[in-house]
Amino acid sequence: MIKAIFTALTGIDESIDSPESQEAWELQRVIDEEDLEEEEVDQDADS
């Protein structure tokens with residue numbers, strides 16, 4: 001019941017725990033910490 005209330009109030013559901021969501025969060029954290037533009041990170045990944 002607490003999860004249902006939390007989801008209703010925040011809009012955050014259980015999918016936030018998926019590996020894909022975790023990977024996206026980690027990438028965004030690196031971008032924010034390094035103050036990079038997303039295009040720079042994409043270019044680095046292609047190298």
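## A tour of the salt bridges around Arg29

Start by selecting glutamate 26 and arginine 29, whose side chains form a salt bridge with 2.8 Å from N to O. Here a salt bridge means a side-chain nitrogen of Lys or Arg within 4 Å of a carboxyl oxygen of Asp or Glu. This is a predicted model, in which local features need pLDDT of at least 70 and side-chain atom pairs count only at pLDDT 80 or more, while totals for chains, interfaces and linings use all residues. Residues are numbered from 1 along each chain as its sequence is written, and side-chain values use heavy atoms, leaving out hydrogens and water.

Next, show helix α2, residues 19-34: glutamate 26 and arginine 29 sit 3 residues apart in it, about one helical turn. Helices are DSSP runs of H or I with at least four residues, strands are runs of E with at least two, and both are numbered from the N terminus.

With Glu26, Arg29 and Glu33 selected together, you have a network of salt bridges.

Switch to a surface view. How exposed is glutamate 33? Glutamate 33 counts as exposed at 53% relative accessibility, whereas glutamate 26 at 34% and arginine 29 at 30% are partly exposed. The classes are buried under 20% relative accessible area, exposed over 50% and partly exposed in between, with a 1.4 Å probe and protein chains only.

Finally, zoom out: the chain has 3 helices and 0 strands, and 4% of its 47 residues are buried.
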